[in-house]
Amino acid sequence: MNGSLRTALSTSTAALTLAFGVLVLAEPAYAAEQKGNAQGASTEKTGGSDDTGIYASAKIQYSGSVAKNGSTGNVTSSDVNWTPPPCWYAPYLGAKDFKKKMSEEIDSAQNTPGMGGTAGTAIGELQRHYEDEYGWTDTPGYKDYNVEKDGEGMFWAGVENPNEPDVLKRSSCNDIPFWVDNGEAPPPQYEEAINPEILAGLAYQHMELPDTEVTLAPEATTKVNLPTWAWLDKAVFDEVQATAAVNVPGFNIQATTTAKPVSLKLEPGTKDADTYPASGECTISADGSIGEPYAKGKSDETPPCGLRYLRSSGDGTYKLRAAITWEITWTGTGGAGGDLPNGTFGNDQDVVVQEIQSVNR
């Protein structure tokens with residue numbers, strides 16, 4: 001089969017409203033959702049048939065420190081070129097359930113008035129592919145939807161990432177559904193087949209980091225040219241983990257993404273300010289803290305982490321932004337693992353800066 005006919009088959013699948021990622025698989029399943037520094041939260045396995053009798057199983061389960069209701073978390077990647085997976089291929093239906101679903105859609109489409117020409121031909125080719133073993137070089141055909149192998153594998157289908165804003169990227173996993181035996185890897189041409197690395201990227205996308213509110217001295221209100229100390233105690237933050245998993249008959253994989261705080265970046269909210277150090281980036285100390293708490297008698301010292309405002313905020317405030325950089329790594333099924341781009345997340349704090357009042361005598 002040439003590329004144009006293969007594309008036509010994919011187009012016919014969309015015409016049949018078999019957009020599996022939209023209809024069945026796009027909604028993430030959540031279990032044991034926790035925010036903050038939750039680690040090791042468990043997930044519950046999903047399985048069985050829904051009330052229609054169709055097995056819709058390959059929903060991704062998230063656990064640990066993840067955003068609720070399937071929304072994107074609060075981590076911003078430091079690499080502008082890195083994005084979470086926009087789509088993937090995943091287990092969808094067993095052979096008998098797939099035959100029921102696909103044959104009904106094909107019959108409905110063939111009986112639709114005006115369904116002729118290229119679309120009609122493509123629908124006929126799609127039917128031959130699943131019923132009469134019509135295939136091509138890297139994609140074998142199937143006899144009667146593979147029902148003789150029911151229970152020995154599943155048909156896989158494209159899944160859209162509902163949090164991907166680019167519709168073209170989101171819908172790019174548009175190959176027609178294909179069969180994978182239990183315990184076997186998907187055919188190599190499906191590079192977007194779900195795997196631990198893809199799950200790690202999705203866990204990253206849904207990760208929820210704790211708020212970052214630094215302790216200041218002076219607190220909230222300071223003076224022009226007066227060094228303001230800033231610090232975060234170790235107890236305020238720790239490693240954060242998020243896990244994504246797929247658990248279906250014959251296919252169980254997961255990945256855990258871990259975020260470890262490594263530095264604090266201070267942005268004064270005005271150009272009329274100095275930061276300590278000059279880069280504004282305070283590194284983590286050996287004891288896991290950032291910066292140093294102010295203590296009596298240190299007023300003439302330069303803080304290891306802090307800032308100095310050079311002009312009054314007048315009747316308003318400056319928005320001090322404190323953002324932590326997190327080192328992101330992942331581990332997954334089968335000993336897989338690696339690094340992901342560092343992530344950042346921060347908060348704004350209002351700071352009032354007053355002129356030092358002098359008294360004339």
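View 1. Leaving aside its neighbours within four places in sequence, Ser-313 is in contact with Tyr-318, Val-351, Val-352 and Val-353, where contact means heavy atoms within 4.5 Å. Ser-313 sits in the loop between strand E15 (306–309) and strand E16 (318–332). Helices (H or I, at least four residues) and strands (E, at least two) are DSSP runs, numbered from the N terminus. Is Ser-313 buried or exposed? With a relative accessibility of 13%, Ser-313 counts as buried; buried means under 20% relative accessible area, exposed over 50%, and partly exposed in between (1.4 Å probe, protein chains only). A word on the model that you are looking at: it is predicted, local features need pLDDT of at least 70, side-chain atom pairs count only at pLDDT 80 or more, and totals for chains, interfaces and linings use all residues. Residues are numbered from 1 along each chain as its sequence is written, and side-chain values use heavy atoms, with hydrogens and water left out.

View 2. Strand E4 (residues 87–93) is joined to E5 by six bridges, and here you can find Ala-90 opposite Ala-157 in E5. On the other pairing, four bridges join E5 to strand E6 (residues 178–181), and Phe-155 stands opposite Trp-179 in E6. Eight of the eight residues of E5 are buried, so E5 is largely enclosed by the rest of the structure.

View 3. The 15 residues of H4 should span 21 Å at 1.5 Å a residue, and the end C-alpha atoms are 21 Å apart, which agrees; the expected span is 1.5 Å times one less than the number of residues. Which residues of H4 are buried? They are Ala-122, Ile-123, Glu-125, Leu-126, His-129 and Tyr-130. These residues cover an arc of only 165 degrees around the axis, which puts them on the same side of H4; the arc is that of the directions from the helix axis to the C-beta atoms. An α-helix has 3.6 residues a turn, so residues three or four places apart point the same way. After H4 comes Glu-133, with a positive phi near 60 degrees. Glu-133 belongs to the loop between helix H4 (117–131) and strand E5 (153–160), and is exposed, with a relative accessible area of 53%.

**View 4. Ile-194 in the largest nonpolar core.** This core has 75 residues, and those that touch the most other members are Ile-60, Tyr-130, Ile-194, Leu-264 and Leu-266. A nonpolar core is a set of buried Ala, Val, Leu, Ile, Met, Phe, Trp, Tyr and Cys residues joined through side-chain atoms within 4.5 Å. The largest share of the core, seven residues, comes from E16. Beyond its neighbours within four places in sequence, Ile-194 is in contact with residues including Ile-60, Trp-88, Tyr-89, Ala-90, Trp-156 and Phe-251.

View 5. Ala-67 lies between strand E2 (61–65) and strand E3 (76–77), and counts as buried at 4% relative accessibility. The C-alpha atoms of Ala-67 and Glu-208 are separated by 5.5 Å, although the two residues are 141 residues apart along the chain. Asn-69 is found in the loop between E2 and E3 and is exposed, with a relative accessible area of 75%. Phi of Asn-69 is near 60 degrees, a positive value in a residue other than glycine.

View 6. The bond from Ala-217 to Pro-218 is cis, with omega near 0 degrees, and Pro-218 lies in the loop between strand E7 (215–217) and strand E8 (221–223). Tyr-276 and Pro-277 are joined by a cis peptide bond with omega about -5 degrees. Pro-277 is in the loop between strand E12 (273–276) and strand E13 (281–283).

Conventions:
Pairing = 2+ DSSP bridges.
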